[in-house]
Amino acid sequence: MRKFLTLIGGLIYRLLPLIVFGAIAVVFLIFAVIRLEWIELPSVLRDVLAAFFAALIGALPVVLFSWAERKVLGRVHNRIGPNESGPFGIIQAMADGIKMFTKEDVTPDGADRVMFNVAPILMGSAAFAVYGVLPFAHAMIGVDLSVALLYLLAMGSVTSVAVLMAGWSSNNKYALLGAFRSVSQLISYEIPLALALLTPIMLAGTMSTVGLVEAQEVPYFLPLLVSLFLFYVSSLAETSRAPFDILEADSEIVAGFFTEYSGMKFALFFLAEYAHMFAASMMTVILFFGGYRLPLLELIVNVNFGETFLAPFIIISKSLVVVFLFLWIRSTLPRIRLDQLLALNWKFLVPLSLVNVIVVAILAKLLEDSSLGLRTIVLLAANLLMLAGAGFALAAAGRRARERDEISLTAVTDAPQLTSIH
Amino acid sequence: MPNEFGFIGLILAMSVFFSLVALVAAWIFRPKKPGRIKASTYECGMETVGTSWVQFKVQYYIYALIFVIFDVEVVFLFPVAVAFNQLALYMVLEMVLFIIILAGALLYVWRKGVLEWV
């Protein structure tokens, strides 16, 4: 009997990666079954179940990505990541989840109990609610909202409110300072995010995510390179990922605004961060890389990939590549300081995004009657010129800063000599 | 259109429900042993000094103010972007003029030294 149980246990252990990925695939499958109406359901029940599974899809990224992050970071640092819990360490995220689930939740005395408890719930809800408008195929979407991008921006702003609530109610001056800094970063980076979102909307003529994917006859990263750069950097800052993670850097300010949180509330913040990261990478793919379609291939082959069963695989693989880019940037770049971060935003990204909107608007309107190829090439050339101009401006500013530092250094070399002993 | 937002209401309710279920389940399973020292505020291992609601640095307020200006500008630009395909060139140039005026505001704020983190 014992041998049999050991055999079964060993088999389950070996099959754990399959079980984890299989569970994720099953959730997507059930979502597809409900949304694509492969079985008949009354419409209210269908909507409720679709909402449930869309929010559940939002809770899945943490399972995969906290493991993936630690493995990828480990490999970049020339070490193996977690490999103890489960084969390849695949259930490390779940082990961490169980740990956080069973830890005691200490509420500091003097904390505002209502806001202290509401803040993680608000942050979690904002992160999960975004998944209702992200399409996995042409019809496999929670709801095809006609103002989906505004809804996404709004949900990103709710994060700032939750952060301030968490920091304020903790009765801890470091949490409060961390919350101030975090909110100033989050609101500052919403401006280039929103301005960079304007350009795909201009080219596509709609704010709905499905509309944006369907309008991309050529993927928008070609005519809108600067917008891609702006959107990606702003997403890095909005999700507080490195190099913009001064707020949660343990060496800087303990844990920033969630210093006083422990147990499941901390796990909810963690969940919300990974869900937000995956949503941001899916948005990058939808806006700039053709979403669930293969636009460049569809120019040659006359098949709309969005309506085949390949569509979810296409969009998820593209989003995984973008998530890998998030992790790669985290493991490579050093952190930047808060004032450098804010200066980068207000003095570089916001002017660049304003210039980008002006240039794309004028060029797209001038060329709107010419062919797709000409429009793409002219916009690409304009984007490259803008990037070159931005590069030159940065180099000039860097040179000026270096000269200023040299002047202040040379002023000190007339220091008196050290007196010798004799 | 109202039909679409019904689903948004549903998914918001579901997200709140998920977070609540997670917290309630954790409340059932976790140990509850409050102590005076455990519940004291964290200040890098020392006793706290002074009140925790410290003075608000005014530079944050200035960044928030500039954010509000540009956010309102972006909100005004969204309808122009959605209706872009039906606009004539002079309408686009009016939008560009609007952006240039606000870029002038950014330049003014920059040169006045308001964006420095002092």
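Predicted model: local features only at pLDDT ≥ 70, side-chain atom pairs only at ≥ 80, totals over all residues.
Residues are numbered from 1 along each chain as its sequence is written, with chains lettered from A in the order written. Local features need pLDDT of at least 70 and side-chain atom pairs pLDDT 80 or more, while totals for chains, interfaces and linings use all residues.

**View 1. Helices α9(A) and α16(A) cross at roughly 10°.** Helices here are DSSP runs (H or I, at least four residues), numbered from the N terminus. The axes of α9 (190–204) and α16 (338–366) of chain A come within 9 Å. Axes are lines fitted to C-alpha atoms over the stretch in contact, with angles from 0 to 180 degrees between N-to-C directions. The pair is therefore roughly parallel (angles under 35 degrees). Residues in contact (C-beta atoms, placed from the backbone, within 7 Å) include L195(A) and M202(A) of α9(A), and L349(A) and V357(A) of α16(A). By class, the contact has 14 nonpolar, four polar and no charged residues. Nonpolar means Ala, Val, Leu, Ile, Met, Phe, Trp, Tyr, Cys and Pro; charged means Asp, Glu, Lys and Arg; the others, Gly among them, are polar.

**View 2. Helices α13(A) and α15(A) pack at about 120°.** The axes of α13 (264–288) and α15 (311–332) of chain A lie 8 Å apart. Among the residues that meet are M277(A) and F278(A) of α13(A), with K318(A) and F326(A) of α15(A). The contact has eight nonpolar, three polar and one charged residues.

**View 3. Chain B touches chain A.** 52 residues of chain B contact 67 residues of chain A. Helices α1 (2–29), α2 (58–82) and α3 (89–111) of chain B each supply at least two residues of this side of chain B. α1(B) gives the most, with 16 residues. This side of chain B has 40 nonpolar, six polar and six charged residues.

Terms used. Parallel < 35°, antiparallel > 145°, perpendicular 65-115°, else oblique. Contact = placed C-beta atoms within 7 Å.
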